[in-house]
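Take a walk through this structure with me. We will look at its cores, then at a loop, then at one helix.

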Amino acid sequence: MSFLARINECNRWAPGDYMPFIVDGERLGMARIEFARALCELDDQAFALESAGLRWAGAPSGFDARTDAMHALCDELIARGLISHQHGEQYPVTAGRREDARFLIDRACAPYFGVRAFGQHINGFVRRPAGIMMWIARRSADRRVYPNRLDNMVAGGLPWGIALRDNLRKECAEEAGMSAELADRAIAVGAITYCRASKRGLKPDVMYCYDLELPAEFEPCCQDGEVAGFELLPIEQVAEIVRDTDAFKLNCNLVIIDFLVRHGVLTPEHPDYLEIVQRLRSLA
């Protein structure tokens, strides 16, 4: 395998299998064609297949009304077996920035409509005389997705109604037992984008990335049961795990590859360097 192969894994989808999801003439997502056809067969004729794509013809006016209508629709789709479940976290439906949300959708339902989801991932690391050591989490065995796989020290979705810094503090406390004071030392280092087909639909996602250099005495301790444990590994070993195995949750590979580039572990001498750098931020 290779670092570039890991990026490819997160950008694997067939455009011909999807069509734009359109509300008021604006493309807000990409729905799988089979799912779009099923929506158009609903009794209320709320959706229409047009040359431009799948149009939510019955969308009410206004942010709150559309949010309520989408929630009710997803409940109906669950009852019909077209959607698996609702997660309970509301995500913005937007053509660009999360602040420009047109309405909200449940986190678990977002991929069915191919709307962009946002998350935050933290590279927790320690500097030792021998080099950089990185804290790696192992996901709990009962997680719905990627059970037992390796993960970034702290990572989570970014729901609506909470500021980035406040959500970062919350995730750090829940997943690593970290104080707000320590979490506030995390440095924003950019955003990574990818677009990947999944069982539920399409994930054209954005991950805000942070580096957090930790005190040598700090040991993360999960508080919410989502992480089975943590291990502190040399960055060279982490790089080998990413490159040569499928041990990590897929999108976490991208966060670590970006860290390797920025900290000079993966250098311009690498034959795939330029393509790796470019494709970490190929927004769909």
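**Inside the model**

The largest nonpolar core has 33 residues, and Val238, Phe248 and Ile276 touch the most other members. A nonpolar core is a set of buried Ala, Val, Leu, Ile, Met, Phe, Trp, Tyr and Cys residues joined through side-chain atoms within 4.5 Å. Buried means under 20% relative accessible area, exposed over 50%, and partly exposed in between, with a 1.4 Å probe and protein chains only. The elements that give two or more residues to this core are α1 (3-9), β8 (131-139), β11 (187-197), β12 (202-213), α7 (235-244), α8 (250-262) and α9 (273-279). Helix α8 gives the most, with 9 residues. Helices (H or I, at least four residues) and strands (E, at least two) are DSSP runs, numbered from the N terminus.

This is a predicted model: local features need pLDDT of at least 70, side-chain atom pairs count only at pLDDT 80 or more, and totals for chains, interfaces and linings use all residues. Residues are numbered from 1 along each chain as its sequence is written, and side-chain values use heavy atoms, with hydrogens and water left out.

What does isoleucine 276 touch? Leaving aside residues up to four places away in sequence, Ile276 touches Phe3, Leu4, Ile7, Ile257, Val261, Leu266 and His270. Contact here means heavy atoms within 4.5 Å.

Now turn to a loop. Most residues other than glycine have a negative phi. Tyrosine 146 has a positive phi, near 50 degrees. Tyr146 sits in the loop between β8 and β9 (150-152). Its relative accessibility is 21%, so it counts as partly exposed. Asparagine 148 is found in the loop between β8 and β9. Its phi is positive, about 70 degrees, although it is not a glycine. Asn148 is partly exposed, at 40% relative accessible area.

Last comes helix α5. This helix covers residues 164-176, 13 residues in all, and reaches 17 Å from its first C-alpha to its last. That is close to the 18 Å expected at 1.5 Å a residue, a span taken as 1.5 Å times one less than the number of residues. Which residues of α5 are buried? They are Asn167, Leu168, Glu171, Cys172, Glu175 and Ala176. Seen down the axis of α5, these buried residues fall within an arc of 135 degrees, so they line one face of the helix. The arc is that of the directions from the helix axis to the C-beta atoms. What covers them includes β7 (118-128), β10 (154-157), α6 (180-183), β12 and β13 (227-234). Glycine 177 follows α5, with a positive phi near 60 degrees.
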